[in-house]
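The sequence and structure come first.

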Amino acid sequence: MDFMNNTMDGMDISNERPYKIEEYPTQRIIIAILYGLLSLTGLLGNFLVILAVILSKKLRTITNVFVVNLSIADCLTCLMLPFNIVGLLNLNGDQEMYLLSENICKGAALILFTCAGCSVYTLAAIGINRWYLITRPVRRYRTFFAKGRITCMVFIVWCIPFLTAMLPPLLGLGELGYATKYASCTHKTSHPLSDYYSMLQSAIVYPIPLITIVSTYVLIFVHIREHAKTITEQPDISTTSYVSNAVSMDTNADLRKRLSRRQLEITRNLFYVVCAFFICITPYCIVLFIPPSDPLVPWTAAIFLVNSCVNPFIYATKHPHFKVIFKLILSCKCSQIPEKSRIMRTIRSMRSIRSIKGRRKQRNVEKRNAKIKAQIAGLSSRDSFGTQ
């Protein structure tokens, strides 16, 4: 009840006087806890994706270049959250009381904005990659997504959000740093053009990736449906044998089932991608366009950051090879990873060398012990002979 009262009070007061999260310590603590959970979950999930690609050569595909880029951006986003946690737990809310320097806070805000935007644009790049993969021949796909073009695309998805976060403050349209209104490292809300800076970020980060994601996955689904219809509407090949006709009918029925399952899978993936994008990013971007809704900004920002945690589960765990490698890594059975990478083979060779050296050392110790036992046995036999 106290939490609800604080929230409602903040929303009511926002119309009368400027909103400051320092007046609502319960909200600050809850949001700080959420940031901590998101940071740990995102780091674990995205690190597993990167480690799986490093250890398995089977995952070195063109699509996974963008998946790894997405995981790197999300990892950096999660690494920046502790800086905001420090600000949120600074219950005084004054910039002078912030434990870190202003330059560190500016750097954290710049990295956070850049990586969050890069994550969104990488989702759009993955959509383009999958659309081209499914709707074009494999040869054209490999030619189009050559190393040079992939490097250029990765550079673009980093460059757009970086320039969006960096250029406006340099031109006087806003300022990065510690925002006392939200007690976090973001753009300074005390700047007179702060609202325009928020709207600009929302306008660049949200609509373009949204249109790209929805368009590419809709085109993928339409292509699969039309392709399936073309195949299933083809007449059965007539033969003189009843057995061959039966085999042909069974084959077509099995093909229809596989195509329907594929359509269902594509539809489900489209639903997951679009829903995750809408649920995580839309509330924050809408709030940025409505300055009077300041009390909702910290909560919608937390929802936005959830996108950095769910991406590994949407884009990686659905892949059968990722699933297998994740299980092997988490169960400490990395030696069973299929198609090991050069790094993994080097690690195994180093371990084998160490084990060989260990076995040699053990054999030398056993030989030395056997010699000592033989010497002791010889001395004891001499003593017994002398006694007789």
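## Cysteines and helix 3

At 0% relative accessibility, Cys105 counts as buried, being under the 20% cut-off. The model is a predicted one. Cys105 is joined to Cys185 by a disulfide, with an S to S distance of 2.1 Å. A search of the whole structure finds one disulfide. The torsion about the S-S bond of Cys105 and Cys185 is about -120°, so the disulfide is left-handed. Because Cys105 lies in helix 4 (residues 102–135) and Cys185 in strand 2 (residues 184–187), the pair ties together parts that are 80 residues apart in sequence.

Cys185, the partner of Cys105, is also buried, with a relative accessible area of 2%. The table lists accessibility for these two cysteines and for two others.

| Residue | Relative accessible area | Class |
|---|---|---|
| Cys105 | 0% | buried |
| Cys185 | 2% | buried |
| Cys75 | 12% | buried |
| Cys332 | 71% | exposed |

What is the closest cysteine sulfur to that of Cys75, and how far away is it? It belongs to Cys78, and the distance of 6.6 Å is too far for a bond, since a disulfide requires sulfur atoms within 2.5 Å.

Helix 3 covers residues 62–88, which makes 27 residues. From its first C-alpha to its last, helix 3 reaches 40 Å, close to the 39 Å expected at 1.5 Å a residue.

Technical notes: Residues numbered from 1 in each chain as written. Predicted model: local features only at pLDDT ≥ 70, side-chain atom pairs only at ≥ 80, totals over all residues. Heavy atoms only, no water. Helix = DSSP H or I, 4+ residues; strand = E, 2+ residues; numbered from the N terminus. Buried < 20%, exposed > 50% of the residue type's maximum accessible area, 1.4 Å probe, protein only. Expected span 1.5 Å × (residues − 1).
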